[in-house]
Amino acid sequence: MFCNIINPRDVLSLFERMSDEDCELLNIADRPEKFMITTIAVPPIAIRPSVMMEGSQSNENDITERLKRIIQVNASLQQELQDMKNMAAWDHLQAEVGLYINSDVRGVPYPFQVAKPLAGFIQRLKGKQGRFRGNLSGKRVEYTGRTVISPDPNLKITEVAIPIQMARILTYPERVNQYNIEKLRQCVRNGPYKYPGARMIRYPDGEMRLLMGSFRKRLADELGFGVIVDRHLEDGDVVLFNRQPSLHRMSIMCHRARVMPWRTLRFNESVCNPYNADFDGDEMNMHVPQTEEARAEALMLMGVQNNLCTPKNGEILVASTQDFLTSSFLITRKDIFYDRAAFSLICSYMGDGMDLIDLPTPAIIKPIELWTGKQIFSVLLRPNARMRVFVNLTLKEKNYSKPKNASERELETMCPNDGFVYFRNSELISGQLGKATLGNGNKDGLYSILLRDYNAHAAASCMNRLAKLSARWIGNHGFSIGIDDVQPDNDLNERKRETILNGYNSCDEKIELYNKGKLDLQPGCDAAQTLEAVITGILNQIRNETGQVCMKKLHWRNSPLIMSQCGSKGSPINISQMIACVGQQSVGGRRAPNGFIDRSLPHFPRQSKTPAAKGFVANSFYSGLTATEFFFHTMGGREGLVDTAVKTADTGYMSRRLIKALEDLSIHYDNTVRNASGCIVQFLYGDDGMDPALMEGKNGFPLNFDRLFMKVKATCPSREHKYLSPVEISALIEQKLPESESTPDGGLSDASKAFKKSVKAFLLEEHEKGSEIIMKFGEDATVENQETVIRVAQKIGGITEGQLRIAKSIKTVMTSRLGSIVITLDMNRIEDSQLCIDANTVRESIMQTPKIKPKQLQINVLDVTKLEVVPLVDRGKLHFELHSLKNMLPNVIVKGIKTVERAVVNKGKEKYKDKEGKVKEREKYSLVVEGTGLQEVMGTEGVDGRKTKSNHIIEIQQTLGIEAARWCIIEEIQFIMSNHGMSIDIRHMMLLADLMTFRGEVLGITRFGIQKMDKSVLMLASFEKTSDHLFHASASGKADKIEGVSECIIMGVPMQLGTGILKVIQRDEKPELTYASDPIISAY
């Protein structure tokens, strides 16, 4: 075939002759000849600087080196064109220009391929260190500091202590006015090295003076209004505090500065949780906002007091930790009493002796006045009578004694372990306080209730008082841990030995049953898998039992026990591992695998399945591990380290993809959720327009009616008020919450039908319980309650059963004349599975299998259970054909759906209400199918398609539509999160699912899915495939309107979100002031 290579000159002339109509047809924005490079723009020296080496030599930049090579090749091409020689120089020039733009370009001739190529322009743009991500989306900034952090419980949660050396370097530009002129004059006199001083003066005409000389006194005296002084940081300045990695928005918050000596940044330990900080050498960053607008936004949007709750699900995030919980737990013991002097001293701890405190009535009057430790917390919540804070809550701590069976009643305040916490009108009636009350992650905790019923200031001031009290009390009381705390006594050792021996005997029995083939199989498991599951369960039970023995035997003063009970650190399992038994070590979720032939280590016999041979550590950390136990323990530890490192990278990338996809979504004034280009993603956020951070109830419900009702009964007792009948309750709700938008008193009603329904249901239920009902409505008691939608997906795990084998045996029979395969069916198994299968059915299935050619086979049915397959081929090929058939026949699908791998009957439990309304449990069977083919499964006779679920999103969309796929995504995320103990508000999942499906197809949060979401060029370029997006956009002439978040950051303009969504215009002329009553509220 004749092939002609076109000269670049010819290509250019062809491009020049193309008409504009052809260009438009090809979607080319400009003339095609511009794709041919005829002239190269040489960049300025500033972006390709030379680096001077030792002596007079200079190291040239990669771009300069490329330009030099292009000039050389161009000169040689010009010479060859004059001499009419071969055209190889064209290829050389093409390669050099290509490498100048992109040093990773493919198709470069072999002589130009080097091990370390010179960087091109595209290498400067792409990647984490490139221009987009390294210099435009994120920049190095001024007015920032970084140093080691340390704790200081004497600081408020809104404060951060700044070292004086840092405060002398960081400055804030303060404008001189009549109120601060004397202060700033003194700062100017002090200069840059004496605190509090100043570093620079900026005059209105643009002149700047550094305060380094002896003329500072004269400048201070001449200081006038309107001049800006860059003064040192002082107490009360607004700063941003950040710890990396910044995984959520509370990783950077706004604090008030407090300049202190020494060299570390300090803050209250209660704020450790949102930063995920500890004090083992962590470093943190601090930024100083430089304008009044920035300070105002930082305080209002990023202030610690405005971010006490996480937007994940509305749980409290800033709360007491570790020492604070331990001291609270010890103070509130039942047997703690203080005389007047000690009680007064402890009360003075919580406010530095500066707060007004009303001592409560002593709990014991004779023979000496004594106050309990619980009364300290009553004082802490409400120090004096003028403070109108009335906390009402009940909750169960970790050490609460639950009834052994359902027939016994709850002990509540009479709990022998004092685990039921009961606050009534800010008085602690019962309970030892622990993590459930004072810690994070609980919506019914003390701080959550202070925040919801009062405000953030009430919760913050309570945290501050507790931090000071705890630090001083535990410092005087003392709390330490030693080796004797984990030393078991003889009785404990004997109990442990018995427990381990009984467990080993049970394991030996199971292994013996397995060897004899008599082990009862679990659903979806073969014999080996059943044995592993049973033995793992027994060994885990050993550790749990030894842990329970430890918890019972240890003295109440035992430090690890105290920390475990109050939730400050550790768990019963940790105590059990230190004192009694470390337990089973797992590798990949299973017992230790075989590292040698048929055994885990050479210390054990082959095929040994005993606990010791498979990673069970019977010793404790106190007694010390044997060599094999230590090795198994290191195997489990190594897996944890590797897993953590891998997960960090994976979750970081996943987080970045999610942020890039969701960054430009915002709620507009019409309550719709839209992206930057105005496309509607949700008509109403979360279907109810509510903020997840403000939800008080569980599972995203806005109000906790039970707690509100208890508070109303405590703060507004019924006294002489009459009880309400069910009819009166319904009438009162109709009166207070009418159908129309306006209320009888002229206000507006935000209450929905769902809210009215839930209020009425709650009140009628309370009426049935015999409670007195006195209605008291809050101002903003509004709620939308979406209906529960049935699950359309479920993640199924732990299925290990192979496909049902119906063939008892497949034998190859070779005779002198011909060869055949005889198939014998296992009729017992077929009957047990209730399948209608015989030899004729199998024959039809073999004939219909695509890979088997029926014309080359003769299938004879010998009887109901046997059939013979004879290949009709030459004798020379017979042997190979028989082997091929023997491999193919076991995979023939006789009955069922081809795309289904396996099916297992799963046994579970479900709750139901009997005729009397009591909640009971019953067995529930479900068929778990692995594979695809939802439509075929739903169409199978006897299957209820309405209750059939799948977790294959694309198949759900193809079978049931895009709305079903949306709910599948929501339910899948919810299922996975709840299985791992994570609580996330469903509104977040709904937003993500809506974003993935609002285009009418399921889009992944990947580079391909994000590309289809109407994102701009600059945003896509700052995400991935930078050069591809830029080249494509320039060729097709795309325009970027600079509307999204990424584009605005890259261009350095305010984004159209949050405070940037509106503009404030000042009036030119002053309005006329009328001194009269407001016409809006005056009566006509």
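1. Ser426 sits in the loop that links β16 (420-424) to β17 (427-430), where helices (H or I, at least four residues) and strands (E, at least two) are DSSP runs numbered from the N terminus. Although Ser426 is not a glycine, its phi is positive, at about 70°. With a relative accessibility of 2%, Ser426 counts as buried (buried is under 20% relative accessible area, exposed over 50%, and partly exposed in between, with a 1.4 Å probe and protein chains only).

2. The model is a predicted one, in which local features need pLDDT of at least 70 and side-chain atom pairs count only at pLDDT 80 or more, while totals for chains, interfaces and linings use all residues. Residues are numbered from 1 along each chain as its sequence is written, and side-chain values use heavy atoms, with hydrogens and water left out.

3. Asn276, likewise not a glycine, has a positive phi of about 55°, and its place is the loop between α10 (272-275) and β12 (283-287). Asn276 is exposed, with a relative accessible area of 58%. As background, most residues other than glycine have a negative phi, and most peptide bonds are trans.

4. Two cis peptide bonds deserve a check by eye. One joins Gln244 and Pro245, with omega about 0°, and Pro245 lies in the loop between β9 (238-242) and β10 (252-260). Another joins Lys366 and Pro367, with omega about -5°, and Pro367 is in the loop between α13 (340-349) and β14 (371-372).

5. Strand β6 (residues 198-202) pairs with β8 (residues 228-232) in the antiparallel sense over four bridges, pairing being assigned if DSSP finds at least two bridges between two strands. Within this pair, Met200 stands opposite Asp230. Strand β6 also runs antiparallel to β7 (residues 208-210), to which three bridges join it, and there Ile201 stands opposite Arg209. The hairpin of β6 and β7 has five residues between the strands, and Gly206 in this hairpin takes a positive phi near 100°.

6. The structure holds one cavity of 30 Å³ or more, a cavity being a set of points on a 1 Å grid over the protein atoms alone where a 1.4 Å probe fits but cannot get out, with lining residues having an atom within 4 Å of a point. The largest cavity contains about 60 Å³ of space. Helix α16 (residues 446-453) gives the largest share of its lining, three residues; the lining includes Lys443, Asp444, Glu696 and Arg707.

Conventions
1 Å grid on protein atoms, 1.4 Å probe; cavity = no way out; pocket = protein on both sides within 12 Å on 5 of 7 lines; lining within 4 Å. Points joined across faces, edges and corners; volume = space filled by probe spheres on them.
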